Amino acid sequence: ILVTGVQTCALPIFDACYWAFKNPAWIENAVPPLLGRKPDVTRLEQIVNYAQPPKGKEDKEPWVGLPDTMAENFAAQWYGYLDIHQPGNYTFYVEAEHLARLTVDDTRIIDISAETRVKGNEPQAEGIWESSEALYLFSGARSVNLQYVYKAAGSKACVLYYNGPDTDGEKRTIPAAVLQHKGIKNNAVIKQIGRASCRERV
């Protein structure tokens, strides 16, 4: 994790913001509105890869560098620009313990909420949940905005993956090497492909 007060445009990083919620009801069913809400912590991070720990080794402590108030009931947001070299169809995946929302170039493509965490008509409030969506991207700097909510219990897992022409079709965590701190939107996302896929990760 890169934590610094200096923002340099050339750095391959996400802007990360964190909010602690004293009232768990505000984050019970979906990611709450974060626009305009002053974050409790801001920092720069190179990757979103808070992977699920081995069973029985879940850590109740907050993520490294965060205050104790964020051991539970917190929201996070990562914002940056993904440098796409080869245009084509890309699939984005989010794995999240509780709630998450992913927006690419101002188009919301993934929303993990109480409404979507359903398996066999039964709500699945706990456990890692994966959702994916495919879309066509032109080359250039594509804005990426991932929002995440962790309530209590579980692993705090949150991982952002993608695959497409730039990854030779392999599913990979989005690495720092393909991120830009600042970008210029040059072409809009032109279409989404199919429907979002949501499933419980076992």
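This is a predicted model: local features need pLDDT of at least 70, side-chain atom pairs count only at pLDDT 80 or more; totals for chains, interfaces and linings use all residues.
Local features need pLDDT of at least 70, side-chain atom pairs count only at pLDDT 80 or more, and totals for chains, interfaces and linings use all residues. Residues are numbered from 1 along each chain as its sequence is written, and side-chain values use heavy atoms, with hydrogens and water left out.

Start with β11 (140–150). Strands here are DSSP runs (E, at least two residues; helices are H or I, at least four), numbered from the N terminus. In β11, 11 of the 11 residues are buried, so the strand is largely enclosed by the rest of the structure. Buried means under 20% relative accessible area, exposed means over 50%, and partly exposed lies in between (1.4 Å probe, protein chains only).

Gln-77 is bridged to Gln-147 of β11. Leu-102 has Leu-146 of β11 as its bridge partner. Thr-103 stands opposite Asn-145 in that strand.

Now take β6 (99–104). This strand is mostly covered, with six of its six residues buried. In a regular strand the side chains alternate between the two faces of the sheet. Leu-99, Arg-101 and Thr-103 point one way from β6, while Ala-100, Leu-102 and Val-104 point the other way. Both sets are buried. β6 also pairs with strand β7 (residues 107–112), antiparallel and over five bridges. There, Thr-103 has Arg-108 as its bridge partner. The hairpin of β6 and β7 has two residues between the strands, and in it Asp-105 takes a positive phi near 50°.

Rolling a probe the size of a water molecule over the atoms shows where empty space is left. On a 1 Å grid over the protein atoms alone, a pocket is an open set of points where a 1.4 Å probe fits, with protein on both sides within 12 Å along at least five of seven lines. Lining residues have an atom within 4 Å of a point. The largest pocket has a volume of about 240 Å³; a volume is the space filled by probe spheres set on the points, which are joined across faces, edges and corners. Of its 14 lining residues, the closest to the centre are Leu-34, Leu-35, Gln-77, Asn-145 and Gln-147. β1 (14–20), β6 and β11 each give two or more residues to the lining.

Some loop residues deserve a look. Most residues other than glycine have a negative phi. Asn-73, in the loop between β3 (49–50) and β4, has a positive phi of about 50°. Asn-73 counts as buried, at 13% relative accessibility. Lys-156 lies in the loop between β11 and β12 and has a positive phi of about 65°. At 2% relative accessibility, Lys-156 is buried too.

Thr-167 sits in the loop between β12 (158–163) and β13 (172–173). Thr-167 is buried, with a relative accessible area of 0%. Its side chain reaches the backbone oxygen of Glu-170 at 2.8 Å.

Finally, the cysteines. Cys-17 is buried at 17% relative accessibility, and Cys-158 is buried at 0%. The whole structure has zero disulfides (pairs of cysteine sulfur atoms within 2.5 Å).

Methods: Two strands pair if DSSP finds at least two bridges between them. A polar contact is a pair of N or O atoms within 3.5 Å; within protein, one must be able to donate a hydrogen and the other to accept it, and residues adjacent in sequence count only if both atoms are side-chain atoms.
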